[in-house]
Amino acid sequence: MRILLVEDDNLLRAQLQAALEDAGHITEAADNGRDALFLGETGSYDAVVLDLGLPQLDGLTVLQRWRAAGRSMPVLILTARDNWSEKVAGIDAGADDYLTKPFHLEELLARLRALMRRAAGQASPVLQCGGVSLDTRSGRVTVDGQPIALTSHEHRVLEYLMHRPGAVVSRSELTEHIYAQDHDRDSNTIEVFVGRLRKKLPAGLIETARGLGYRLVAP
Ligand code: CA
């Protein structure tokens, strides 16, 4: 999944980025409020980790402007210890969850998984569709109970589609959510990944919506 990480503490940002990438997420990072505002307004993210104490523009203002502009991605705010009023202000400004510093990386990752699940209308951490099961905690994928091996790109494509069963996902949207860098993006290779995925999954699970993109359907 594609995550925007906003944190001005260089060490913490590097640690969080490494943990998010280890968990298989595409991560873009910003170290100030102005860059964060721009990225959140123009990019497409499955979730945002937003520190509130930021240079140039504070996190609360960034969040309010995103919401005023109609940006509805899940946002988890990072707040200072013992500052309950900051949490209240953050939630009132449109945050979906918060973590108080210091926190454990595992807790951040678990809360992000829950936010992305809920944004997709999924309550269980194990996503299921037509005999395919994807455990968002371990990344394990099974078909009729048998584990299958996927490359990281194949896994990202499947995870993104499994968060949106029945919805048509365009090639450009998939491209944006599986590549880290703009210059890597080539929507033709998406067809290659989808072709390889189809060979590993039950027939008919990934439908092509001609001219529009792909759709996950329970055969
Ligand atoms: Ca800060």
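**View 1. Strands S6 and S7 pair in the antiparallel sense, joined by four bridges.** Strand S7 covers residues 132-135. Gln128 has Ser133 of S7 as its bridge partner. Pairing here requires at least two DSSP bridges between two strands. Strands (E, at least two residues) and helices (H or I, at least four) are DSSP runs, numbered from the N terminus. This is a predicted model: local features need pLDDT of at least 70, side-chain atom pairs count only at pLDDT 80 or more, and totals for chains, interfaces and linings use all residues. Residues are numbered from 1 along each chain as its sequence is written, and side-chain values use heavy atoms, with hydrogens and water left out.

**View 2. Four strands form an open antiparallel sheet in the order S6-S7-S8-S9.** Strands S6 (126-129) and S9 (146-148) are the edges, each pairing on one side only. The twist from one strand to the next averages 25°. Helix H6 (residues 152-162) lies across S6, S7 and strand S8 (141-143). H6 runs at about 100° to S7. Angles run from 0 to 180 degrees between N-to-C directions of axes fitted to C-alpha atoms. Contact means heavy atoms within 4.5 Å.

**View 3. The largest cavity lies between domain 1 (2-119) and domain 2 (126-216), because both give residues to its lining.** The domain bounds come from an automatic or database assignment. The cavity holds about 40 Å³ of space. Its lining is His25, Arg113, Met116, Arg117, Thr136, Glu159 and His163. Helix H5 (residues 105-119) gives the most, with three residues. On a 1 Å grid over the protein atoms alone, a 1.4 Å probe fits in a cavity but cannot get out; a pocket is an open set of points with protein on both sides within 12 Å along at least five of seven lines; lining residues have an atom within 4 Å of a point.

**View 4. The largest pocket holds about 320 Å³ of space.** It is lined by 18 residues; Tyr45, Asp46, Pro74, Tyr160 and Arg164 lie nearest its centre. H5 and helix H7 (171-178) each supply at least two lining residues. Domain 1 and domain 2 each provide at least three.

**View 5. The second largest pocket lies between domain 1 and domain 2, since both give residues to its lining.** Its space is about 230 Å³. Among its 16 lining residues, Ala23, Gly24, Thr136, Gly139 and His155 lie nearest the centre. H6 contributes the largest share, four residues.

Technical notes. Points joined across faces, edges and corners; volume = space filled by probe spheres on them.
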